[in-house]
Amino acid sequence: MQSFSNRHLAAFTAALALLLLAWDFSGLDLALAHGFGGAAGFPLRDNTFLTVVLHDGARRLAWLLALGLCVAVWWPVGWLLRLPVNRRLQLAATPLLAVLVVGALKSFSTASCPWSMADFGGVAHYTPHWQHLLTPDGGSGQCFPGGHAASGFAFVGGYFAFRETAPVIARGWLAAALLAGGVLGLAQQIRGAHFTSHTLWTAFICWCVAWAMDGLFTRLALSPLGQDIGEAA
């Protein structure tokens, strides 16, 4: 069943990658950005709700949740009691790694934010962001993928941690993480901080990190080290 599930996950993930590549070259990024801003910039860039609640507040909440999951590795409560210690460790470690990967990619990216584009009063010129690996757009860069959306998407690892012992919780956790990441990504798009593709690729990256971590912790559980950890817990 595990092998069967992973084959389907591989096909699903590959299909997502193809759809995202198609989106990149569709030109819809810029068209949707024009729905939120114009030559004078983005009118809601400094909106209090978007900046204070959905940006600063949501980020603090995400870090608080991540800290709670780390503590719960050894002192689980509620749903977490259904997970063995190796899966609780997986649940805590996955969002941290996902945020680290997204942040690393962002730091090396030459793709600029929408508010830096000439269409919106900036100096950069829009091209599909993967092309920026070779050709900078003339802006400040470091805007791809969407770091803030990762505050929600990073928690998709809960799906993999729960899928064997509590599939209903797994699906609910996945839906909540996707919803949170989508809302946070949309908030940044409205402000002009990211294109839609930035949010979509962030979700994809976090999904791939979570799937890779699931494979790692599955193997760890079968190893002598994993068995020792389980006995210690």
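Predicted model: local features only at pLDDT ≥ 70, side-chain atom pairs only at ≥ 80, totals over all residues.
## Largest pocket

The largest pocket has a volume of about 310 Å³. Its lining comprises 14 residues, of which Phe12, Leu16, Leu178, Ala203 and Phe204 are the closest to the pocket centre. At least two lining residues come from each of helix 1 (2-24), helix 7 and helix 8 (196-222). Helix 8 is the main contributor to this pocket, with five residues.

By class, 12 residues of the lining of the largest pocket are nonpolar and two are polar, and no charged residue takes part.

## Second largest pocket

The second largest pocket holds about 250 Å³ of space. Helix 3, helix 5 and helix 7 each give at least two residues to its lining, and helix 7 gives the most, with five. The lining consists of Ala58, Leu61, Ala62, Leu65, Ser151, Gly152, Phe155, Trp173, Ala176, Ala177, Ala180 and Leu184.

## Helix 3

Helix 3 spans residues 48-72, 25 residues in total. From first to last C-alpha it reaches 34 Å, close to the 36 Å expected at 1.5 Å a residue. The helix has a kink of about 30 degrees, centred on alanine 58. Alanine 58 is also among the residues that line the second largest pocket.

Which residues of helix 3 are buried? They are Leu50, Thr51, Leu54, His55, Ala58, Ala62, Ala66, Leu69 and Ala72. An α-helix has 3.6 residues a turn, so residues three or four places apart point the same way. The buried residues of helix 3 pack against helix 4 (85-108), helix 5 (150-153) and helix 7 (167-191). Two of the buried residues, Ala58 and Ala62, are included in the lining of the second largest pocket.

## Cavities

Two cavities of 30 Å³ or more are found in a search of the whole structure. The largest cavity has a volume of about 50 Å³. Around the largest cavity lie Asp29, Leu32, Ala33, Phe36, Phe42, Pro114, Gln189, His194, Phe195 and Thr196 as lining residues.

Helix 2 (residues 28-33) supplies the largest share of this lining, three residues. Sorted by class, the lining of the largest cavity has six nonpolar residues, three polar residues and one charged residue.

## Loop between helix 2 and helix 3

Histidine 34 is located in the loop between helix 2 and helix 3. Is histidine 34 buried, exposed or partly exposed? Its relative accessibility is 39%, so histidine 34 counts as partly exposed.

Leaving aside residues up to four places away in sequence, histidine 34 touches Asp119 and Phe120. Glycine 172 is 138 residues from histidine 34 along the chain, and 34 Å separates their C-alpha atoms.

## Loop between helix 4 and helix 5

The loop between helix 4 and helix 5 contains proline 145. Phenylalanine 144 and proline 145 are joined by a cis peptide bond, with omega of about -5 degrees.

Glutamine 142 lies in the loop between helix 4 and helix 5. Although glutamine 142 is not a glycine, its phi is positive, at about 55 degrees. Glutamine 142 counts as partly exposed because its relative accessibility is 46%.

Key: Residues numbered from 1 in each chain as written. Heavy atoms only, no water. 1 Å grid on protein atoms, 1.4 Å probe; cavity = no way out; pocket = protein on both sides within 12 Å on 5 of 7 lines; lining within 4 Å. Points joined across faces, edges and corners; volume = space filled by probe spheres on them. Helix = DSSP H or I, 4+ residues; strand = E, 2+ residues; numbered from the N terminus. Nonpolar A, V, L, I, M, F, W, Y, C, P; charged D, E, K, R; others polar. Expected span 1.5 Å × (residues − 1). Bend = angle between axes of the 7 residues up to and from the residue. Buried < 20%, exposed > 50% of the residue type's maximum accessible area, 1.4 Å probe, protein only. Contact = heavy atoms within 4.5 Å.
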